[in-house]
Each structure stands twice: as C-alpha cells, then as structure tokens.
Amino acid sequence: MTITKRQLPNFFKFSKNPSLSQRLMLIGLGITLFCIFLAFLAPVFQAWGWLQNPKEFLSNPIHEAPSLKHWFGTSRLGYDVFSRTVFGVQAALQVVILATTLSMVIGVPLGMVSGYLGGRLDKILLFFMDSIYTLPGLLLSVTLAFVVGRGILNAAIAISIAYIPQYYRVVRNHTVSVKTEVYIEAAQAMGASTWVVLSRYLFFNVIQSVPVLFTLNAADAILVLGGLGFLGLGLPEEVPEWGYDLKQALEALPTGIWWTTLFPGSAMTFLVVGLSLLGEGLNEFVNPRLRRENSIRK
C-alpha cells in the first residue's frame, strides 16, 4: 500500500518560500494595515490624551522644534504636527477609498455591458472613455474640484472621474475575450438572460485584475489628493490633510523650519509606497504568466 504525500496549498507554499515580489507585497500589506490601524484608532488615542486635537492651535507655540511635548514640532499656525500627521492618514484613506470605490462601481459594470453587448453602445462608451483617459488625471481632478467644491465626498468625486476609464478598459477587454468561451455560449443556448450571464458567468471571470488596479489607483489618488490640498481645492482648511499642511509649511522651509514639511511629506510617501508594493505583489497572483516565470526561476 502506497501512501501519497499530500501537497501543500499555494498559501503555505507562498509563506514557506516567497519570491521577491511576494516579500515586497507583505511589506506593502504591513504598511497599509498599519496606516488603517492609525486611521481607526486616532480618535481613541486623542481621547486617551496621547494625541492633541489636530484643530487646536491657540494653546501651542509657533514653529517650535520637535520635543517631548510636541514630537514633530508645531507649525506656523501653532498646530501640533504629530497630531495633524496621524489624523491626516484618516482623511487620506476616507477620500481615497471612497474615490476608488466610486470609480470601480461605475467602471466595472460599464466595461462588462460594453464588452458583452458590443455594437454601437460599445463604440460610444469606448470613445467617451478614451477621451477621458487622454486627459491628465491631476488636471481633470483640479478642474472638477473647482466645480464641486471642497469636502470629503466632493474631493472623492473629483478624483474618481479620472480612474473610471481604467476600470472600464480592463474589464471590457476581459469581457470581450471571455464572452466567446464555451460555457458562455452554453448559458446563452439554455436561454440565460443578459443579466444572468453577466452576473453569474462573467463577473468573477473578468475582475481578477480589479484588486490590483484598486490598490494602484489608491496610491495615485493619495498624491492627487495631496496636490488638491496643496492648491487649496481639497478638504476644508480645518480638516487635517497632508497637502494643505505642506502648502502652509512651504513658506517657512527656507528659514530652516524643516519639520513642518518633512513629517507630512514622509507620511504621504510611506502610504503611497505601501499601497504600490501591495498592488505590484497582487499582480503576481492574478497574472498566471508572472506566477509561472517566478516558479521557473526558483
């Protein structure tokens, strides 16, 4: 009697001998989870007295260097830079997650319908989305921010418009290639409606790249939000936001006041790098060719 050795699932293989991209993905995942942890617990830390109110400035000295009382120093308005930097994570994640979710909710269904039905509708949507895609994302967001005004929802809307064509193009191309498969034709032959085919047979087969696109767009959206805040078009002034804080710190930088620029800028870079590494690592899981190449190299 021969005993067959049970093979380990892919998850355990990944944890036992990860590739370089998988290690970087773990680093990105750790950075992202850490930032989410800060965003959720920042109000709790403030209630415990560990963080100062980010909107309080009258009781603080102006341009005080980092110290035990103010870890990251204070700004020219008297804001505690450490508190503003931590609460800036909360504002950034709120806007970015809302923006990327809005673009995904709009772009994915449009891509599926356009790729499956084809015809004149597909040509019109493809022309419209390509027209939006050719515009620079930051310029489009700045223009829309002028129209919709400040606020978390308004900033998310202004940022999300630029990412809708990306979801549309990816899902539409996947749908065009998948709709000719045998199981789709069999479902159509059995009389399945368009809604049934799209929701039951196509949806989970054309969204493999959506999580990767979501994380990469989230990383880019943080930079766009920072640009809007720097131009005074993002969130209201009283809301802690990295781009607005960098704008306020720019005037004092030539005088040697470095802490008001270093810490908000480093926090923005930290979160962008984390989301970028997470997205690049996820790309290996959804791309069979990359998985095959990495297994051959091992």
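## Close-up views of a predicted model

**Figure 1. Arg169 and Asp130 join hands in a salt bridge.** The side chains of Arg169 and Asp130 form a salt bridge, with N and O 2.7 Å apart. Arg169 belongs to helix 7 and Asp130 to helix 4, so this pair ties together parts that are 39 residues apart in sequence. Please keep in mind as you explore that this is a predicted model. Is each partner buried or exposed? Arg169 is partly exposed, with a relative accessible area of 31%, and Asp130 is partly exposed too, at 28%.

Figure 2. Arg172 counts as buried because its relative accessible area is 16%, under the 20% cut-off. Asp122 is also buried, with a relative accessibility of 9%.

**Figure 3. Arg150 and Glu237 connect two loops.** What kind of contact do Arg150 and Glu237 form? They form a salt bridge whose closest N and O atoms are 3.9 Å apart. You can find Arg150 in the loop between helix 5 (137-148) and helix 6 (152-160), and Glu237 in the loop between helix 10 (210-230) and helix 11 (242-250), so the pair ties together parts that are 87 residues apart in sequence. Arg150 is partly exposed, at 34% relative accessible area, and Glu237 is partly exposed at 42%. How many salt bridges does a search of the whole structure find? The search finds four.

**Figure 4. Phe45 and Trp50 make a stacked aromatic pair.** The structure holds eleven aromatic pairs. In the pair of Phe45 and Trp50, the rings are stacked, 5.4 Å centre to centre, with 25° between the planes.

Figure 5. A pair of aromatic rings is described by the distance of the centres and the angle of the planes. For Trp258 and Phe263, the centres are 6.1 Å apart and the planes are at 45°, so the pair is tilted. Trp258 is partly exposed, at 41% relative accessibility, but Phe263 is buried, with a relative accessible area of 18%. Which residues form the aromatic cluster? Trp71, Phe72, Phe82, Trp258, Trp259 and Phe263 form one cluster.

**Figure 6. Arg84 places a charge over Tyr79.** Look for the charged end of Arg84, which sits over the ring of Tyr79. The distance from that charged end to the ring centre is 4.5 Å.

**Figure 7. Thr260 is a buried residue in helix 12.** Where is Thr260? Its place is in helix 12, which covers residues 259-286. Thr260 counts as buried because its relative accessibility is 5%. Leaving aside residues up to four places away in sequence, Thr260 touches Thr74, Ser75, Val81, Asp245 and Ala249.

Key: Residues are numbered from 1 along each chain as its sequence is written. This is a predicted model: local features need pLDDT of at least 70, side-chain atom pairs count only at pLDDT 80 or more; totals for chains, interfaces and linings use all residues. Side-chain values use heavy atoms; hydrogens and water are left out. Helices (H or I, at least four residues) and strands (E, at least two) are DSSP runs, numbered from the N terminus. Buried means under 20% relative accessible area, exposed over 50%, partly exposed in between (1.4 Å probe, protein chains only). Contact means heavy atoms within 4.5 Å. Rings of Phe, Tyr and Trp (its six-membered ring) pair if their centres lie within 6.5 Å; planes under 30 degrees apart count as stacked, over 60 as edge-to-face and the rest as tilted. A charge sits over a ring if NZ of Lys or CZ of Arg is within 6 Å of the ring centre and within 35 degrees of the ring normal.
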